[in-house]
Amino acid sequence: MINHRQEDCDMTSNGVISEENFLQNGEVDIENDEVNGNIGEDEMVSSIDSPSKEIRIVRKAKRFHRQNSGEGQPGNGVLPNIKQNNNKSVILGLKNSRKSRDGLGRGLAKKGGAGGKGTWGAPGDELFEDGSCRDAKDPNYDSDSQDEYVVDSVEPEMTQEEFMKVVEPVLLEYFEHGDTFEVEQTLRDHVGVKEKRAKVLELAVNLALDRKATQREMTSVLISDLYGKFLLQKDISLGFDDMLNNLADLTIDAPDAPQIMGQFIARAVADDCLAPKFISSYKGKVECPHKQSALDKAELLLSRKHGIVRLDNIWGTGGGIRPVKFLIKQMVLLLKELLSSGDIPEATRCLQDLEVPHFHHELVYEATVMILEDSTERAAHRMCDLLKSLAQSVIITPEQMAQGFRRVFDSMPDICLDVPNAYSLLDRFVTMCHREKVVSSDVFQELPQRGRKRFVSEGDGGRIKPQVLS
């Protein structure tokens, strides 16, 4: 009698396993080569081939348990623990597996992400895309354009608008600070300006035509300092050639342009930036009268006795180059003219012509001292109106205004020697300026007060102190 366990047997509903069920369930592990303890393997196979015979088979069920580590599952590289019989071994689910057989895989996309239909290619391929097609079967293929590549460095050419946008602010800023080295470095840093060096000189001279002698002197100094570093002699010659050819148009806006142009040419020759033959090369070839006038002016300045030395001051001495005594004298004259005429716009124009914004505190000082010496109400009102106009238009800055009044405050002991009532006059004038918002509150609080002398009768009741005899 054979004992059977229900959970360890794999049987049909009637307890008999057929050939069909046997093949579907796979190879059966036959332990100890026995069926029911009496039948061997050969007899079992012969019994299966004969459908008329039914055989009861006892075996242990093989169950594969899924684990978290994936061990023993198909496709993870670890084969299940299946015994083999003498005929064949069957490993289901592993033959056509697409998964990596090492259990981990490379962790990379197929073909580095560059293969397959509808893919964008490997990351970074777009950086090396040159836009050309080298595949002969591609519809965009062009055999004429598949030559060898030639790589060359090319500097982009600046347009006239870009040139003006870059260079003009640099030159206008130079008229404020006067640093030629900074101009040179700025022009070198901009790509494309090097190809238009002659235009730099032309623009600098054009800007100086509309300005005063101080800016013209600065332009001549700039040309001299840039020569050999940024400008070449051919660039300077080409720049003056272009300006002489356009001199007729420049004369419309600046009637004295031919004379100024002749002075610039003569100064460039004196500074060894331009060859003397530049002027002689035009003889007999000039038809424009303005152009001829400029060349005649330059030749006249160079032919004078000691002309080269005199050309160093061809634009005169302006701005801070002039002596301090000369500037003080000019300021006193315009203040006296204001007291007599009361013309504030004319006084403002004369002050601006001096071109010394750093010395405007001297005007405030001289105006205040003049009020103290005049000691009239009319003079005080006119000076207050002038200072108010200059302060509102910011021709005199608040710092220069405060510095001028503080200089007066410090000089009051000396002024009192000539004007005994100077403290009271100063108090009245400064109060008037403070009311008109010419003087700030900080400066007004610094207004000095004259100390009163103490008399003998004060605090003594008129009694004279007795003298103690020794």
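Reply: Among contacts (heavy atoms within 4.5 Å) in the protein between residues at least 6 apart in sequence, 66% join residues at least 24 apart. This is a predicted model, in which local features need pLDDT of at least 70 and side-chain atom pairs count only at pLDDT 80 or more, while totals for chains, interfaces and linings use all residues. Residues are numbered from 1 along each chain as its sequence is written, and side-chain values use heavy atoms, with hydrogens and water left out.

The protein has 20 helices and zero strands; both are DSSP runs numbered from the N terminus, helices being H or I with at least four residues and strands E with at least two. Of its 470 residues, 35% count as buried, where buried means under 20% relative accessible area, exposed over 50% and partly exposed in between, with a 1.4 Å probe and protein chains only.

Now the aromatic pairs. A pair of aromatic rings is described by the distance of the centres and the angle of the planes. Rings of Phe, Tyr and Trp (its six-membered ring) pair if their centres lie within 6.5 Å; planes under 30 degrees apart count as stacked, over 60 as edge-to-face and the rest as tilted. The structure holds four such pairs. In one of them, the ring centres of Tyr-174 and Phe-175 are 6.0 Å apart and the planes stand at 50 degrees, so this pair is tilted. Tyr-174 and Phe-175 are both buried.

Another of the pairs joins Phe-405 and Phe-429, also tilted, with 6.4 Å from centre to centre and 35 degrees between the planes. Phe-405 belongs to helix α17 (residues 398-410) and Phe-429 to helix α19 (residues 422-435), so the pair ties together parts 24 residues apart in sequence. Phe-405 and Phe-429 are likewise buried.

A ring also takes part in a charge contact: Arg-407 lies over the face of Tyr-365, 4.3 Å from the ring centre. The criterion is NZ of Lys or CZ of Arg within 6 Å of the ring centre and within 35 degrees of the ring normal.

Another arginine, Arg-197, is in helix α5 (residues 197-209). Arg-197 counts as buried, at 18% relative accessibility. Leaving aside neighbours within four places in sequence, Arg-197 is in contact with Phe-230, Leu-231, Leu-232 and Asp-235.
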